[in-house]
Structure formats: C-alpha cells, structure tokens
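Let's take a walk through this protein model and look at some of its details. Keep the 3D view open while you read.

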Amino acid sequence: MSEHRHRTRLLPLTAAMLMLGVIGRAILALPTTGDGLAVPMRAGAEASGIPNVITAVLLDFRGYDTLLEIAVLMLATVAVLSLREDPAALSRRIAGGAGPVLGTLTRALAPIMLLVAGHLVLVGSSGPGGAFQGGAVLGAAGILLMLSGYARPAWASRRAVRWVLAVGLIVFIGVALYPLLSGGTLLQYPPENRKDLILLVEALLTLSIGASLVSLFLASASSTEGGGRR
Amino acid sequence: MLLDHLPALLVAVPLTGAALSFVAGHRRAPHVALVTAAAIVALAVALVARVLDAGPFRYAVGGWTAPLGIDLVADGASALFIVLTAIVGMGVTLYATAYFRTDDETAYGHGLFWTLWLFMWTSLNALFLTGDVFNVYVCLELVGISAVTLVTLSGGAEALRAGARYLYASMLGAMTYLLGVALLYASVGQLDMTILADTLTPDVTAATGLALMIAALVLKTALVPAHFWLPAAHGSAPSPVSAALSSLVVKGSYFVILRLMLYVIPVGYLGGTDVALGVLGSVAIVWGSVQALFQTRIKQLVAYSTVAQVGYLFLVFPLARLGADAFALAVTGVLVHAVSHGLAKAGLFLASGSLMSRFGHDRIDDMRGAARSAPVLTLTVALAGITMMGLPPSGGFGAKWLLVSSALAGGAWWWAAVLVAGGLLAAAYMFRLLAVLLADGDAVLGTPASAPRTEWVPLALAAAAVVLVAAVPLITDLASASNILIRAGVTP
C-alpha cells in the first residue's frame with residue numbers, strides 16, 4: 001500500500017521535473033534581443049489614433065480575440081449559473097444584515113468606486129485602464145453592496161439581470177458587425193466615429209463584466225453554505 | 001458582397017444566438033437556437049460553394065492583416081468541417097428540443113443548455129476558421145468551458161465527477177498550449193500560421209513551443225494514452241451533448257493539429273513526431289476497440305468506440321510523408337473519415353440516448369428484443385455500425401479505401417494492416433451490440449422520456465454516413481482546395 005502510494009507520487013514528480021528541464025532549455029536558448037511585433041504595433045497604434053498600445057492591441061488589432069474573450073467571460077458566468085443548485089441560499093445567509101462598520105464603509109466607498117470605474121473606462125484610450133479594470137472595480141462595489149445588505153442577492157436569477165450580463169457582448173457584436181453595412185470588415189470601425197464606438201463598447205462591457213463578477217461571487221458563495229463554517 | 005463576409009458571419013451569428021438565447025428565457029431559447037441553427041446551415045453551405053468556386057480566401061478582421069491583426073482562413077478543409085458541424089449541429093438542436101423539455105422547471109440548468117450549446121458551436125466554427133495560433137487558444141477556452149459545463153448538465157455525482165476530470169484535462173491542455181504559443185512567439189515573433197510556415201527556421205525554443213502545442217492538442221483530442229478523460233465525460237453527458245462531443249469537439253482540436261503538422265511545421269522539424277502520432281493512433285484503434293468490446297453499458301461502448309475512431313485520424317501523419325500520391329490520398333481519406341465518423345457517431349449516440357430513455361436503463365445485456373419495439377433505433381445502430389466497420393458503400397468504406405490506397409502507394413503495407421484490423425475490431429463490438437438488440441426477447445419498455453418523433457434525427461444522420469460515399473468526389477474537390485494540399489503542391 002505504502003509502496004503504491006510512493007510510486008503514484010514519483011510519477012508526477014518525474015513528469016514535472018522533465019517538463020521543467022525541457023522548458024528551461026527552451027528559455028535559455030532564447031535570443032537576448034528581439035521585439036516580436038512590438039515595433040510595428042507601436043507604429044500602428046499611433047497611426048490609428050489610440051495612443052495606448054495595450055488598448056490599441058486589445059480593441060483594434062486583436063479586437064477579435066477580445067470579442068471571443070468577452071464571450072468566454074459570459075460563458076463562465078452561464079456555466080456557474082447552470083451549476084448552482086439553490087439560488088436563494090446566499091440571500092438567506094446574508095439576510096441577517098451587515099454590522100455597522102461594513103454598512104458605513106460601504107456607504108462611503110460605493111459612490112467613489114462607481115466614479116473610479118467610470119474614470120478607468122474614460123482614460124482607457126490614452127492610459128492604463130479600460131473595460132476589464134473598470135469592470136473589476138464595479139464588480140467589487142457590487143459585492144460590497146451585496147455583503148452589506150444594500151442590494152438583494154437574489155437578483156441574479158432575474159430577467160433584467162440577464163440583460164445586464166449579456167448587454168456588453170450583444171452590443172460588442174452589434175458594433176463589430178456595423179462596419180459590414182458600409183463595406184468594411186468585421187470590427188473595422190469607421191474612422192469618423194471609431195472613438196465613440198469604442199467608448200460605447202467599453203462602457204457597456206464594464207457593466208457586463210461587473211455584473212459577471214458579482215454573479216460569480218454570489219454563485220460560489222451559495223455553494224459553500226453546506227460547510228457551515230463561518 | 002455578403003459572401004466575402006462568410007467567415008465573420010459564421011462566428012458572429014452563433015455568438016449572437018448564444019447571447020440572445022440567454023436573455024430569451026428558457027421557454028423561447030429553443031426557438032432562438034433553431035433559427036440560429038438554420039442560419040448557420042445556410043452560411044455553411046454558402047461557404048462550401050464559395051470555396052469550391054473561388055478557392056481558399058483570407059478575411060482580415062478589423063481591416064488589419066496579419067501580422068498585426070488576425071486573419072481568418074477559409075479553405076476546403078475548414079469549409080468541410082464547418083458544414084459537418086452545421087449538419088450534426090442541426091440534428092443535435094432538433095433532438096435537444098425534445099430532450100430538454102422546457103416545461104421541466106426543476107431542472108434549473110436545462111434552460112441554459114441552449115446558451116452553452118450555441119457558445120460551443122461558435123467556438124468550433126471559430127476554431128475551424130482561425131489562421132492565428134494565439135486565437136486558437138481563445139477558441140480552445142470557449143470549447144473547453146462550454147463542453148465541460150454541458151457534460152455536467154445531466155446532474156448527478158457521476159456526471160459531476162466526469163465533468164471535473166474533463167475540466168482538469170481541458171485546463172491542462174489549454175495552459176500547455178498557451179505555454180507553447182508563448183515560447184513560439186518569443187522565438188519567432190509571429191502568430192499567423194502562414195507567416196510561421198514561411199519563416200520557421202531550426203530553433204530549439206520554437207520547436208519546444210510547437211511540440212508543447214501539439215501535445216496539448218493531442219490531450220484535447222483524446223489520443224491514447226491521453227484518452228483517460230473521454231469515456232467518462234462522453235458517457236455520462238446528456239445524449240445530445242455526447243453526440244456533439246464525440247462527433248465535433250474532438251475534431252476541433254484535431255483540425256488544429258492537422259493544420260500545424262501538415263501546413264505550418266516543415267517536414268522533419270519535430271523529428272519523428274509524425275510517426276509517433278501514427279503509432280499512437282494505431283494503439284488507439286486496437287485499445288479503444290478492445291475496451292468497447294468489454295463494456296456493459298451502451299454509452300460507454302460508444303464512447304470507447306470514439307477512442308478507437310480518433311486513432312484513424314492520426315494515421316494521416318506518417319502516411320503524408322510517403323510521397324506526393326500518398327500525401328494527397330491520406331489527407332482526402334482522413335477528411336472523409338472525419339465526416340463519416342462525425343455523422344455516424346452523432347447518430348449512434350442519439351440513438352443510444354433514445355434507447356436508454358425507452359428502456360429506463362443503459363445495460364446492453366438487458367436490451368434484448370429492442371428491434372421489435374424500437375425498430376427505427378435498431379436500424380440507426382445498424383447503419384452507424386456499417387460506417388464504423390467500413391463496409392461498402394458507406395463513408396467509412398470510402399475513408400478506409402483512400403487510406404489503404406495511400407499506404408500502398410507509399411509502400412508501407414503495415415499501416416494498411418492496421419486499417420484492416422481496425423475494421424474487424426469495430427465489427428466485433430458493433431455486432432455484439434446488434435446481436436443483443438436483434439435477439440429474441442420481450443424487452444420491457446417504459447414510457448419514452450424523449451418524444452419518439454425525434455427518433456428520425458439519429459436515423460437521418462446515420463443514413464447520411466452510409467451514403468456519404470457518393471460525396472467522396474465533393475470531399476476530394478474540397479481537399480484539393482485546402483491550403484494543406486495547395487502548399488504541398490499535390491492534387492488528389
């Protein structure tokens with residue numbers, strides 16, 4: 001028995017060491033110079049009018065990747081929703097309400113967090129920021145509101161919330177297909193309103209990403225209720 | 001004009017359907033899925049016509065061509081896999097309307113089947129069209145998460161365990177693939193498959209990266225010995241999901257291996273990987289068939305049959321190195337095999353699901369006399385069996401004929417021997433199942449849980465696989481319109 005256990009540990013260890021050796025050799029063999037596509041990316045970003053290279057890559061050059069990643073995020077939310085057995089479990093747990101410290105803190109923090117989320121979206125085109133960062137802050141604000149009892153956790157099963165979760169993806173697809181009407185390709189924003197379209201997509205994505213994060217939190221929290229260790 | 005945008009629409013339409021089915025609610029979601037499926041079938045047929053007419057074409061998303069942007073590539077091979085997905089997908093959608101009855105309010109997850117299924121369809125189409133190795137990773141994530149969740153929809157401890165195991169295998173595959181792409185990009189600085197094919201020079205980092213990518217995709221395609229997750233996942237999923245997984249999802253990652261091995265990576269760049277894949281494929285054929293022979297539960301038998309049938313897909317790699325004639329025959333043969341197995345296996349899994357709901361259990365030995373009470377389903381199993389065994393005139397026969405011709409044209413009879421042995425082994429496990437179904441006996445049938453009116457769906461799929469041999473000239477035309485054969489400069 002113990003010998004068997006010994007052997008079952010040895011195999012993964014050997015495999016992991018072997019893998020480490022192979023990857024180590026590949027990394028050591030890397031050339032010390034080489035920028036990949038960084039130089040043409042930077043030149044392209046300046047020409048396209050989006051000075052922040054990261055945003056230019058995410059929403060312009062490789063906007064298709066981002067479109068599918070947004071789909072991944074919504075899919076993950078749907079996946080977790082499909083696994084959840086008892087949508088009302090968390091609301092019962094939180095029904096007791098929050099203590100005075102959390103309540104006061106949430107009242108003070110929530111408006112600021114909303115402001116920060118909006119700011120992150122707006123500055124996304126020129127500096128660090130954008131829908132993912134804004135969505136993360138928005139999601140955190142939502143979770144605080146849930147925990148302190150200001151928002152009702154049962155919301156995730158409502159029809160309207162499904163719209164909030166999906167609106168980012170739906171509008172993104174719509175904006176992606178819009179150029180086809182005027183002879184462009186998928187995601188080829190027309191130059192005259194490219195900035196507005198990108199901002200519109202980013203704003204609604206922020207909303208959906210925030211809602212997704214809150215839903216993921218609620219769903220995962222309800223599944224641990226059975227443990228009873230609080 | 002619209003035809004130029006077919007690659008974009010084949011991704012955007014199912015993605016829109018997925019998002020809309022989520023907000024439509026569980027009563028209207030099936031209608032959204034049916035409309036979406038019909039639209040995809042039309043687009044897929046248009047893509048085949050377009051590729052046959054004008055050859056392969058590229059589509060620069062966002063107007064940025066590679067290397068800065070992502071190019072979608074539509075060629076004969078991608079058109080073929082997309083039309084296979086469209087046909088099987090339509091069948092699965094129709095069957096699922098009865099399987100996931102929307103009035104069943106207790107099944108919370110069932111209302112989400114349609115959204116998950118359309119996400120999976122989106123990701124398969126995207127995988128067949130992408131020309132960018134990083135974009136493949138994003139597609140693999142979408143396929144993986146949707147497939148794992150669909151497996152767990154049947155509920156119960158067995159499905160959750162199988163789903164968890166599938167999730168770990170899937171994640172390990174995705175992460176290994178991403179690591180491979182990172183190494184490749186660090187070394188070469190390119191992500192577009194065509195540019196990579198033109199610029200790859202011998203380099204240990206790039207070779208390691210590509211080897212990791214191939215290994216990850218082999219895990220996702222469930223080639224022996226990386227098949228450990230497949231039988232449990234495909235066997236315990238809801239039947240429409242089993243059909244889609246066995247028929248389509250393993251083909252998604254396989255398609256990328258096909259493009260990498262025969263289009264991107266120069267001959268000999270990864271040493272003897274092509275022969276090694278062929279040997280593993282041969283082992284899979286024998287091992288999967290023998291396992292299928294000893295299964296006592298019907299869906300486990302069908303799942304192990306998939307392990308065996310996946311093996312054939314990997315014989316193309318050693319065969320493709322045996323000269324121009326063998327190359328063209330092997331690629332055409334493996335495309336015919338992919339389509340015929342896709343159709344037959346979807347039919348077989350859906351029929352098994354209907355048999356299970358008719359009998360109320362999945363024990364093969366207690367299904368005696370099914371032929372009398374469920375003749376349509378028994379006929380479906382028989383027709384699917386004809387294709388699996390490779391009997392004439394089925395698509396399976398056409399595939400094996402082409403592959404054997406390829407082996408003989410290349411002077412390597414031993415691969416032909418593997419093909420013949422695989423046919424015999426498939427006959428063994430299919431006859432075992434059929435013998436029980438056709439035996440005299442008074443099967444006690446419960447009330448069918450799924451509507452019998454959907455039983456013609458698996459029959460149509462299995463019958464399509466049998467008459468597929470008539471479509472071999474069409475598939476040959478598509479093969480010669482594939483970038484793999486065009487780049488190699490050979491015509492079938």
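Start in chain B, with B:Ala222, which you'll find in the loop between α7 (204–221) and α8 (230–236). This is a predicted model, so keep that in mind as you look around. B:Ala222 isn't a glycine, yet its phi is positive, at about 65 degrees. Most residues other than glycine have a negative phi, and most peptide bonds are trans. Is B:Ala222 buried or exposed? With a relative accessible area of 0%, B:Ala222 is buried.

Chain A has a case of this kind too: A:Leu187, a residue other than glycine, has a positive phi near 70 degrees. Look for A:Leu187 in the loop between α8 (159–177) and α9 (194–223) of chain A. A:Leu187 counts as buried because its relative accessibility is 1%, and buried means under 20%.

Now for the peptide bonds. The bond from B:Ala66 to B:Pro67 is cis, and its omega is near 10 degrees. B:Pro67 belongs to the loop between β1 (57–60) and β2 (71–74) of chain B. Another cis bond runs from B:Pro392 to B:Pro393, with omega near 5 degrees. That one also takes you to a loop: B:Pro393 is found between α15 (375–389) and α16 (395–409) of chain B.

Next up, the rings. How many aromatic pairs does the structure hold over all chains? There are 16. Take B:Phe134 and B:Tyr137: their ring centres are 5.8 Å apart and their planes meet at 45 degrees, so this pair is tilted. The two residues are about one helical turn apart, because they sit three residues from each other in helix α4 (residues 133–152) of chain B. B:Phe134 is partly exposed at 23% relative accessibility, while B:Tyr137 is buried at 6%.

B:Tyr254 and B:Phe314 make an edge-to-face pair, with 5.5 Å from centre to centre and 75 degrees between the planes. This pair links distant parts of the chain, 60 residues apart: B:Tyr254 is in helix α9 (residues 239–264), and B:Phe314 is in the loop between α11 (298–313) and α12 (316–319). B:Tyr254 is buried at 0% relative accessibility, and B:Phe314 is buried at 0% as well.

Rings can also gather in a group: ring pairs join B:Tyr95, B:Tyr99, B:Phe100, B:Phe113 and B:Trp114 into a cluster.

| Charged residue | Ring | Distance from ring centre |
|---|---|---|
| B:Arg50 | B:Phe57 | 4.4 Å |
| B:Arg487 | B:Tyr263 | 5.4 Å |

Why is α2(B) said to be largely enclosed by the rest of the structure? Because 19 of its 24 residues are buried.

A:Leu10 counts as partly exposed, at 43% relative accessibility.

Note on methods:
Residues are numbered from 1 along each chain as its sequence is written. Chains are lettered from A and ligands numbered from 1 in the order in which they are written. This is a predicted model: local features need pLDDT of at least 70, side-chain atom pairs count only at pLDDT 80 or more; totals for chains, interfaces and linings use all residues. Side-chain values use heavy atoms; hydrogens and water are left out. Rings of Phe, Tyr and Trp (its six-membered ring) pair if their centres lie within 6.5 Å; planes under 30 degrees apart count as stacked, over 60 as edge-to-face and the rest as tilted. Helices (H or I, at least four residues) and strands (E, at least two) are DSSP runs, numbered from the N terminus. Buried means under 20% relative accessible area, exposed over 50%, partly exposed in between (1.4 Å probe, protein chains only). A charge sits over a ring if NZ of Lys or CZ of Arg is within 6 Å of the ring centre and within 35 degrees of the ring normal.
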